[in-house]
Amino acid sequence: MNFSDIVFDILTYGIFLYSVVLLLFYVFIGLYSIGETNNYLHRNIFTDYRLLAASIHIPSVSILAPAYNEGATIIENVKSLLSLYYNNLEVVIINDGSKDDSLQKLIDRYELEKVDYHVQYKIPTKEIKGIYKSKSPIYRKLVVVDKVNGGKADALNVGINVSSNDYIVCIDVDCILEQDAILKMIKPFLEETDARIIATGGVIRIANSCEIVDGRLIKVHLPGNYWARMQSLEYIRAFILGRMAWARLNGLLLISGAFGAFDKRIVIKCGGYNHNTVGEDMELVVRMRRYMEEMKLPYKVAYIPDPLCWTEAPESTKILGRQRNRWTRGTIETLKLHKIMFFNPKYRLLGMLSYPYWLFFEMLAPLIEFFGFIIFVLMTFFGIIEWSLFVSLLAFIISFGYMYSAFAALMEVTSYNMYRRKTDMAKLLLTALTEPFFFHPFGVWAAIKGYIDLIRKKKSWGEMTRTGFGTTQTKS
Amino acid sequence: MVLLTFSKKSFFHFIQPSHLYIATLAFLAVTFLMVLALYTYLYIQKRRFFRNKLMTQALDDCIGALLIERTQDDLEKNVTPQLLKYLKKPISRQLAIDQLINTRKNISGEAINNVIWLYNYLNLKEDSLKKFQSNVWYKKARGIYELYMMNQRDMLLKIFKRTNSQNEYIRMEAQIAIIGFSGFEGLVFLNTLTYSLTEWHQIKLLEQLSTFNQVHLEKLPKWLQSSNKSVVMFALKLADVYQQIFVHDEVTECLKDENEKIRLQAIKTLSRIAVDNTPQILQDQYDNEEYATKLEILRQLAIIGSEEDIPFLLEKLNESDDNLKLEATRAIMKCSSNGEEIVEKKIENDNIPVSILKQVKYEQVR
């Protein structure tokens, strides 16, 4: 056996082993998530949230919502947040140096006045220009912070410094939250026993094409746009299957920046959000977990499968590509920052399973796929490809993907069944059939661009133009 | 998914195209079965929806009429044969129970008895009992919930036995049921509770208790000395909410507890049941405490403190943490009529941010 044979064998069996382990992980995640979702549904089926939301005994919570150039929708967004059903709530809007009229609109609509407010910079941030509160007692929950532009992580850190409550819920200001979202997110903290709950993640759903009136979700529709519809399926798979299974294992590394609740004391001890990464949401969770592991404190990161937060998904390949590019860079940066945990038994499940999974199957997957594609092109060019094996492997992998998507759709229908129109589920399943040919290769390409941008040391979030729920807004 | 490309002959010994095609067929077959299951489920749900709609309407009509009826005969005549027909299916019976519970939550007075009468008349208790007797935890918990919501007092003893169940959800529903049946007397389960009461659970119990008239909680001293820390915590909250001044000494003892959350709650409770020496007790505690509890002491001194506490509070303006300074300033401004002057003088002499005073002054104006 010569050198090239050895290299070829390593590649062949290596990639085969990689694929087998990945598929086994998918099967495990799918099956393991069932128990967690069912358990959650059984535990909460007759909980009367209405009664408890009005209780004076529930802990106080601060919602932190950074806003940058959200002038088009800021009034409706804040109105939606102020109408949330929770007794002890503070809504902190952080205007991150917007160039538009967001702040003036807020001042006018909510009768805001600049107040004397002492901020202790427990987490270092950029300068706060002013803190505003309403003259009207109706809006006493509202605090608006005007600050020098510093990015989302910096804005959230300002929110942490300014907030007055022990639990913080970090959200994207343009998200639509369900009325009982805060109570459901805080419940795991109140149910803690021996292990401290350090964070709770919530499911994000796609709001494109949904009916939204006065900042409230009135009716759910499957997105009409292909890319948004594909993301609906992707989010169902990721949230109902993936994150529920990881939550059950207590190995969750990511809580979406769009909606997550945190124990503020632990966040401050960990130094808050890292503004040197574009994956600040994942990085914070990893750092908090790492801190708890290093302190040898029992802890848990919880997850709520209820569809509580609705967000607008990118509808164009341009914007979607930027988002996926940023996600890739965020993942790489986070894993690089915490590389000490890789297969490190000191970090138990976090080091031995969660981190390696993310490294091999989230971070490296697009790279390996892209590499596989290049090899395929070269082998085709040189006429050395075994077509019968190639076609059978392709059929195998695509059919597995279909099976996984069908399983996710079945789980959705039997748990929350948000898409109730006759044709919605058929459309979703038909969309799934196209995934291996359009959406998935696009995602891989966007991730590869993320790698390239990272090598070029690009740090920006990228323009995220949003259509808005009936209006137009721009975010960067 | 990874797209694999191979040409090695040796690899064929292990994986042949025929194997992969068989697996592909298997995946597609499973996919087909899942889609079939999905649509079957949707079809069943749809049929159930329409059937339930009819049953719900019939039950709604019946409940509507029952709410104004007085005599047994009047009550019975509202239960139509159509409704009884619908209720032959277990799923409809469950829906009926849920609907009756919802109705019960939204009404008060004599009408509740008519709803409970209907529950018994339709023999729905049998369904709840089956759940209560089940070995599946969530069925048992739901059975307990239904029985107490429908005020089945004859089940009190059997449910009481579950108040220390190994399963937290059965335990929680049983405890809430006992409170629902017996009010404050139901708290007797705290005497023997060996498992933990979560904070969520404590909130639910406090909400359940809020519907009853307050009584003297004579067992409080015992609960405050319980070896079960969650019972101590709950007892502290009871003493706080119902201002049980007679346990002041026991609550003070809780300040020695190693659990920070208990000490924090003890500080809050002491403030609610304060006597003359309570501010001094809190002051004495201050130096032994951690950050969050120090903050709480200053917050409570703002409520129960007086001019006598000013020297102590002024010292705290020299703390390194600004939040402690802020709370101390708030307390000084509340405890003394010339608090503002006192703080201003201190600011002039020491390195204290003037913005703290400005913030507190703004809060006072508001």
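Is B:I144 buried or exposed, and how many C-beta neighbours does it have inside 10 Å?

Modeller: Happy to. This is a predicted model, in which local features need pLDDT of at least 70 and side-chain atom pairs count only at pLDDT 80 or more, while totals for chains, interfaces and linings use all residues. Residues are numbered from 1 along each chain as its sequence is written, and chains are lettered from A and ligands numbered from 1 in the order in which they are written.

B:I144 counts as buried, because 29 C-beta neighbours lie inside 10 Å (buried: 20 or more other C-beta atoms within 10 Å of its own; exposed: 12 or fewer; partly exposed: in between; C-beta atoms placed from the backbone). Its place is in helix α8 of chain B (helices are DSSP runs of H or I with at least four residues, strands are runs of E with at least two, numbered from the N terminus).

Who are the neighbours? Leaving out residues up to four places away in sequence, B:I144 touches B:F132, B:I159, B:R162, B:I170, B:E173, B:A174 and B:A177 (contact: C-beta atoms, placed from the backbone, within 7 Å). As for B:K131, it is 13 residues from B:I144 in sequence, and the C-alpha to C-alpha separation of the two is 8.1 Å.

Now to the helix partner. Helix α10 of chain B spans residues 168-182, and its axis comes within 9 Å of that of α8(B), with a crossing of roughly 10° (axes are lines fitted to C-alpha atoms over the stretch in contact; angles run from 0 to 180 degrees between N-to-C directions). That makes α8(B) and α10(B) roughly parallel (under 35 degrees; over 145 is roughly antiparallel, 65 to 115 roughly perpendicular, the rest oblique). On the α8(B) side, B:I144 is joined in this contact by B:W137, B:Y138, B:K140, B:A141, B:Y145, B:L147 and B:Y148. From α10(B) come B:Y169, B:I170, B:E173, B:A174, B:A177, B:G180 and B:F181. By class, that contact holds twelve nonpolar, one polar and two charged residues (nonpolar: Ala, Val, Leu, Ile, Met, Phe, Trp, Tyr, Cys and Pro; charged: Asp, Glu, Lys and Arg; polar: the others, Gly among them).

Helix α8 also leads us to the other chain. The contact between the chains takes 44 residues from chain B and 56 residues from chain A. On the chain B side, α2 (17-66), α8 (137-149), α11 (199-209), α19 (322-335) and α21 each supply at least two residues. The most comes from α2(B), with 15 residues. That side of chain B divides into 29 nonpolar, nine polar and six charged residues.

One of those helices, α21(B), residues 354-365, has a packing partner too. Its axis and that of α20(B), residues 339-349, come within 10 Å and cross at roughly 165°. The pair is therefore roughly antiparallel. Here the contact joins B:E340, B:V343, B:E344 and B:I347 of α20(B) to B:V354, B:L357 and B:K361 of α21(B). Four of these residues are nonpolar, none is polar and three are charged.

Key:
Two residues are in contact if their C-beta atoms, placed from the backbone, lie within 7 Å.
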